[in-house]
Structures are given as C-alpha cells and as structure tokens.
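Hi everyone, thanks for making time this morning. Let me put the sequence and the model up on the screen, and then we can walk through it together.

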Amino acid sequence: MTDAAGYPKPEAHRGPLKGVRAIVLTQAWAGTFCTELLGLLGAEVIQVEARQRLDSWRGGNFKAQVPGGLRDRPTAVHGYNTNALYNSVNLNKYCLTLNLSDPRGLDIFKRLVPLSDVIAENFSPRVMGNFGLDYASLTKIKPDAILISLSAYGGSGPYTNVPGIGGTIEPMSGMSSLLGYEDGPPMNSGQMYPDPVAGYFGAAAAVLALRHRARTGEGQFIDLSMQEANMTFIGDALMEFALKGSVRPRMGNHHLTQAPHNIYRCADGQWIAIAVRSEAEWERFCDASGHAGWGSDERYLDNGARKRNEAALDVDVEAWTSTQTADDLEAKLTAAGLAAGKVLGVGGVRTNPQLRDRDFIVELDHPETGRLEYVGVPVRFSETPGAATLPPPLHGQHSWEVLSTLLEMTRDEYDALEADGITGAGAPPGYEE
Amino acid sequence: MTAVLSDIRVLDLSIDVAGPFCARLLGDFGADVIKVEPLDGDPGRNLEPVVEGVSGFFSYLNSDKRSIAVNLDSTQGQALMRGLARQADIVVESFTPGYLDERRAGYDLLEAARPGIILTSITPFGQTGPWRHRPGNDLTAYALSGWADMNGQAGKPPLKGSGSQASFVGGIAGFLGTVSALFYRDQHDVGQHVDVSILEALTEIYGPRFLGAQHADANAEARATRDRQDFISGPVPCKDGYFALTLSRAHFWRDAMNELGLPELARDDIFWNRVSMRDELAGKVQGAIAQRDKYELFERISMLRAVSGMVLSTEELYANPHIQERGFFVEVEQPVLGRVAMPGAPFKMSATPFEYQRPAPRFAQHTDEVLRELLGLGPDSIAELRAAGDVG
C-alpha cells in the first residue's frame, strides 16, 4: 500500500480499505457512487475533475445557480459547489482539477498513476483511449495497475460506444419492463436506480482486484457494463423466461404469490405498506385489524384463495386502512409481528428512529452549504467502522494539497499551472461565474 | 489462473434472496461456499419460477454452492456448526438478530472457534436499534427508504421496485462489505462482524433526494415533479413498444427533434424551456415517437450520439445482439431444469473472471461429503447424526 498523504485525513480512513489510494475520473452518479463507497470504507479517494468541463452533477457549467433553499446562506455562492446531486454522492473524497486535454495536465495524471492502488472512470469507452489512458497504456506506467471502467454497455459489443445514462439503462436492462402499475406502462424509477446498482458492483469489483493484487502482484482491468450489472438484479424474471418462455408482467405493489401485499391509503392521506407472508401472519393480521371474519371468509381461506381474490381483498383491506392514520396502523401491525411500514418521504426518512439510533444519518459542515444531513456508510464493521467525515469537496478544493503532497510541486509551479487553467480551484480563468 | 477467492471457504446460513445472492457472488469468484440449510430447507427453494418442483430463482441464487442440512436447534447440530466454522473464513446469515447467539453460533463463539472469522449478517433493519426485531421485506424497505414515495405517478399509490430489488441491494452491499472485511483480514489477521441493514443499503441510494430536499425551497411531491419532466424520457409508447429519450444537452435535443421530423422544435430555447412547455410539446414529440420502431429509432439516435433507450423485455434481452456478443448469458446444466441460459457476470474482470463453477445443489446433497471432508466423520457417525435429527 502507498503511504498516506499529508493533507487532512481524519477518521474517514479507519474503514477496512484504510491504506488504499484511489485516483478516479468518475462523474455523475454510477462512477462517483462507486468511488464514494471506497472512500466510505476507508480508502483515500482523489477525484480528478475536468478543469473546463464540469461534472454534469455539478450542474454542467460554471454559471449554474445556487439552489433556492440555500440562497439565504451567505456562504453559498457557487452553483457548482452547491448542487445536491453532486454533493450527495461524493463524501470522503479530495478533489483535484486537471485539464487532461493539455499535455501538462495529462502528465500530472500519469505521475499520479504509480502512486495509486485503484484507478476508476466512467467515461464512454473511447475516451480513456483518446487520452492515452487505456488499460494497456496505464500498465506501461504502472505494471500492476487496477482500472475499473463503468460504462453504459461495457467495453465491447455493438453498443459499446452508444451513450447511456441511468434513464436509458433502466429500459435497456429490462428493469423498466417490470416496474409499473399492473394496468400501466413500463416505468423508470424515481431517480436513475441503475446508477447506484452499478456503483455498488463497481466498488466490490475494485476490492476483489485489490485482494488479487495483494496475493499475486497482478493488476487487472474491470469492464463493468451498467446494463449487465442491472440485469443480474432481475435474475428471477430472466430465469422465468429461460425456463418457461413467459414474460413476467408488471405487478405494481403486488407479490407474485403472497396476498395481501400492497400499499394502501390511510385516513390521514398517508400510505401504508402491508405484506402478509404466511397463514400464521394472516391470522395475526385478521386479529390485529379486528376482522376475525376475514379468517373464515372462503375467498380468503388460504394464500392461494387470497391471491385469486386479491382485488376484493385489497378493497376490504383499504376500507379498513382508510379509517385509521398511518402511524396507528404501523404501530398496530408491527406490534403483531407483521411486515408493515408507512411510506416515508424525505422528512420521514430523516427522522426515522431506526436510522437515527444507528447513526446512519450524519451531519457534515460544508464550506458553502453549511451544516446539512447526509446518508452515511451503508455497511457497518465491528472492527473497522468507516465513517462519513469529509463533506463533498468544492471543485478543486484539494488541488494544491494533492499536488504539493504527492508530487512535491512548489507553489510557483502550481500557480503557473493554475494561471494556465491546468489545475486550480473554483472556475478557471476566462470562465465567468 | 487462480480465482480471487480460491483460498476461502464460506458457510451460507442465509435464506430467501439477499444473503444467498451475496454468498453466491463469493462462490462465483472461487470461494468454496457451503449452504447450511435448516432441516426443512431454505424456503427460497419455493420461489417462482418453479419447474417440476425445482425453483429457477433458487437455482440462480444458489449456484456455486454445496448444500448440507444441519439442525441448529439441537445441541449436536450446534456443535457441528461450530466445527464447520473452525474450517471456514466467512459466515453469511440472515436470521433475526440474536437467533444465532441463542444457538451458540453467534459472532463471539464463531470467532472463538475460528479467530479471524468474518460474520456477515444481512437483515431488514440491522443488528442494533429499536427496529432490529421488526419484520420487513422488499415492500416495507421501499416504503421506509423513501423510494416508494419517489417511484410511480402522481395521483396513484407510491410504487415499490419490481421483484426483489431491495433484497438484491442488500445482497450486493453485503458482498461489498464481506470482501472489504476479507481484504482487511488478509493484512491484519483480524476478522469482524459485518452488519448490513437492507433498509440502510437502499436508503443509501436515496441520497440525492435526501440531500436535494434540504437544498431546495419546497419539498414538492416526488411523483408529481417527475411527471412534468418525463413526457419524452417516459418511457413513452413507440410503434412496437416503449422508448425513452433522455436529452440532457441542447444539441442532443436538436438532433433528436430533426430525426423525429420535428425541425420546428429543434431550437435551443425550446430545449431549455421544455418542462414548462410540456403541454404544447408532449403531444407532438410523443406522436412522432409513436410512429417509430424501437430498434430503428435507437440506432438512428445512437448514431447521433444522443442518449436514448428501448424498453426491452426479458424475452428481448435474450435475443439482443449486444447482450449476445458480450456473452452475458451463460449456459449451465442444472439438475432437473437441464441446460439453462442464466444471467452471468455483473462485471468482467480480466485476471480473475466470474465463473459459474457448479449448478445449484439439491437439498442436503453434500451433507455426507462435507461432514467427511471438513470434520472427518465416517458413514456410521453421519448415519447416527441423521437418525437423531441433527443433520439432514
């Protein structure tokens, strides 16, 4: 493992990946989430951002506005540093800006490569080659390099250079064909679900490669197709077609075999999710709801009957839930040992007592946005608890620290590069804010 | 070629979807995964699709494993479990917190039996906190994580993700945690308890909206907001199915409008105001998309390097030329089911690739083999254990 750098590294680097350094060219969500996970698990992640062309999740240009809810904060002055998309998925990272289109910027990147354990990127597959940074070229600089490339369709095949984002990978991976109401069209999720799915897989792949290198000294290239990673999550529906030749329909909130299993309207306009998964649970549900009669209703005699009469069952259940508040229903049903949960929006998620008790939600101070709440580390480790301690970096916030520490650059050299728009912080010269 | 986990043995005590998916990935990358089932089997053996009594979903989640059945409610079964743990590196489980402690197989006793062991627990709410014993499933994870509120359409109920999405997310988070703990153990000789809450793994990816609500003025109803933006990214109907045009840049918009035969809309000012102009634009753009075949339109838009997607069904994915050329589906000979083209690698590693090593096991198929191999038990001892109901 490489030595730790001299810039501030608090307890972020206590996780199981402590000692690992990742130099990453990731952007938007899939790539940045992948490398954020490495950071949340303790790796030192240096995110290299293009000097002139901003990450689309920073808003894509230097003139982006500060969002409405932050305008009364005097520190919130740059749209690209206050974008919730970027700021939500880039914790525990340092940000170095480089203009890779300039030979001096490219040279700096190549000098960082030997100091890194993992390189990650999620450009279109042709881009790294255009920079001369494809895997074969990287191994000339660092023979045991590990490169993880996340792309829409992978590094080979007829679609390899077709652009894609979460909103198109979702339909192209079969996900959208399965998501939706029973009588409705295929749908995309509320927020580009395929991106973080790919990010989770990418982080795991990086750790596998690190282990292999530690055991054998051999690096490797990881080609992650977001389409394929997401297809593994619909393995049941794919197996259904492979085995039966049948295409699984959209099922709304229903379950393939269990009933009742739905999200029901409550008296207070809220919604409650209720799942009854066995005959024992059904008996408890009839008791808890005060409908002992359902237990002897022949339409609901057993799970098969309930599934066949699901429409009537849903009407009956909702007639009951619509007389009570969601909180009362949740309390009553969970006390009876049933799977039930109120549908929560952001407010409910923020105050969820379970997430609070486990300190899953953390407060971090950001130089522009101030003190806000973020979701933290998604896995807990008894010996090496990682922690979300670094707020999302400002654009170029650590350029000087990284270059002076890792490459022993002098202030004069740095200032010259900054004046030429090769590195720096904030908007580069000539880009009005 | 040495598989990356070739030196690792895993005991998979988990059931249903999340834990078995995590453990299968360990097997795919070379670990010896022994599925330790209760005497009545993993209920996941009944998950649809079921053909001639064999579950295709189970086969997907449990390939690359051997199966033994051990009665964790018997003293002798518990002793066997600790004995197996002495020969293992990783244990994956999904019981209600406390269940394994009560059966003398909790983290402390496993660690005593095998110093450095990694115990990965994947449960609805995690090992601690007031809800740790509360039942949960995919539906409740979607409700409580914020995702159901964000999915779906305005005026309709909140919508969960399809199938077992929350469980898969929990499974991949568990896999990430497990291999990270293993990487740490390689260097420091220290194991640990890896605690995955499926709710947290899913809420983690709700992060953008979680922060977005704090950055924005109003917390508009999530499903309503989406409806206004989605008049072309939809997906919306095309001639032979559904199509998504996600035009994030002005020049994509111009190119796409020209391709759709709508040159009068190919203007930057319309692109920037497309959400507020929804009512006048939606009919025209959707009408043009409705005239097109999805493969033809996808190829045309892709040649323009703009971003679009076809809604592909599971049937269409099997027939898709890109998926075929990448070799994503892998033919595996499964018992009873025969040769099945199964979904394959989630990512391609050049030096240590994913590989299906063996088909999913029949229930308790390897009890004798594993007890002999790991614990040195002979046929008579095994027969006694079986007669006493300690193994199956």
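This is a predicted model: local features need pLDDT of at least 70, side-chain atom pairs count only at pLDDT 80 or more; totals for chains, interfaces and linings use all residues.

The bond runs from B:Gly234 to B:Pro235, and omega is near 5°. B:Pro235 is in the loop between α11 (222–233) and β9 (236–238) of chain B.

Now let's zoom out to chain A. The secondary structure comes to 19 helices and twelve strands. The C-alpha trace spans about 85 × 50 × 45 Å along its principal axes. Of the 433 residues in chain A, 62% are buried. If you take contacts between residues at least 6 apart in sequence, 68% of them join residues at least 24 apart.

Next, how the two chains meet through a pair of helices. Helix α8 (residues 194–216) of chain A packs against helix α8 (residues 165–188) of chain B, with the axes 9 Å apart and an angle of about 20°. Because of that angle, α8(A) is roughly parallel to α8(B). The crossing is left-handed. On the chain A side, the contact residues include A:Tyr200, A:Phe201, A:Val207 and A:Arg211, and on the chain B side they include B:Ile172, B:Phe175, B:Phe183 and B:Asp186. By class, the contact of α8(A) with α8(B) has 15 nonpolar residues, one polar and two charged.

For another helix pair, let's stay inside chain B. Which angle do helix α3 (residues 75–86) and helix α18 (residues 367–375) of chain B cross at? Roughly 60°, with their axes coming within 10 Å. That angle makes α3(B) oblique to α18(B). This crossing is left-handed. From α3(B) we have B:Leu80, B:Gly83 and B:Leu84, and they meet B:Val370, B:Leu371, B:Leu374 and B:Leu375 of α18(B). That contact divides into six nonpolar residues, one polar and no charged.

Back in chain A, have a look at helix α18, residues 399–406. The buried residues of this helix are A:Ser399, A:Val402, A:Leu403, A:Ser404 and A:Leu406. What covers them? The cover includes strands β1 (21–25), β2 (44–50) and β3 (93–98), along with helices α3 (103–112) and α19 (411–419) of chain A. Following α18(A) comes A:Glu408, with a positive phi near 50°.

While we are on positive phi values, here are two aspartates. A:Asp359 has phi near 55°, and this residue belongs to the loop between α17 (353–357) and β10 (361–366) of chain A. With a relative accessible area of 57%, A:Asp359 is exposed. Over in chain B, B:Asp16 has a positive phi of about 65° and lies in the loop between β1 (9–12) and α1 (18–28). At 36% relative accessibility, B:Asp16 counts as partly exposed.

Beyond its sequence neighbours up to four places away, A:Thr32 touches A:Thr26, A:Gln27, A:Gln47, A:Asp55, A:Val89, A:Asn90 and A:Lys93.

Then there is A:Asn83, in the loop between β2 and α2 (84–88) of chain A. This asparagine counts as buried because its relative accessibility is 18%, and the cut-off for buried is under 20%. Among the contacts of A:Asn83 are A:Trp57 in its own chain and B:His215 from chain B. A:Trp57 is 26 residues away along the chain, with 7.0 Å between the two C-alpha atoms. A polar atom of the A:Asn83 side chain also lies 2.9 Å from the backbone nitrogen of A:Leu85.

Last stop: A:Ala312 in helix α14 (residues 310–321) of chain A. A:Ala312 is partly exposed, at 27% relative accessible area. Leaving out residues up to four places away, A:Ala312 touches A:Arg299 and A:Tyr300. The C-alpha atoms of A:Ala312 and A:Arg299 are 8.8 Å apart.

Definitions and conventions
Residues are numbered from 1 along each chain as its sequence is written. Chains are lettered from A and ligands numbered from 1 in the order in which they are written. Side-chain values use heavy atoms; hydrogens and water are left out. Buried means under 20% relative accessible area, exposed over 50%, partly exposed in between (1.4 Å probe, protein chains only). Helices (H or I, at least four residues) and strands (E, at least two) are DSSP runs, numbered from the N terminus. Contact means heavy atoms within 4.5 Å. Axes are lines fitted to C-alpha atoms, for helices over the stretch in contact, and angles run from 0 to 180 degrees between N-to-C directions. Angles under 35 degrees count as roughly parallel, over 145 as roughly antiparallel, 65 to 115 as roughly perpendicular and the rest as oblique. A crossing is left-handed if the near helix is turned anticlockwise from the far one by less than a right angle, and right-handed if clockwise. Ala, Val, Leu, Ile, Met, Phe, Trp, Tyr, Cys and Pro count as nonpolar, Asp, Glu, Lys and Arg as charged, and the others, Gly among them, as polar. A polar contact is a pair of N or O atoms within 3.5 Å; within protein, one must be able to donate a hydrogen and the other to accept it, and residues adjacent in sequence count only if both atoms are side-chain atoms.
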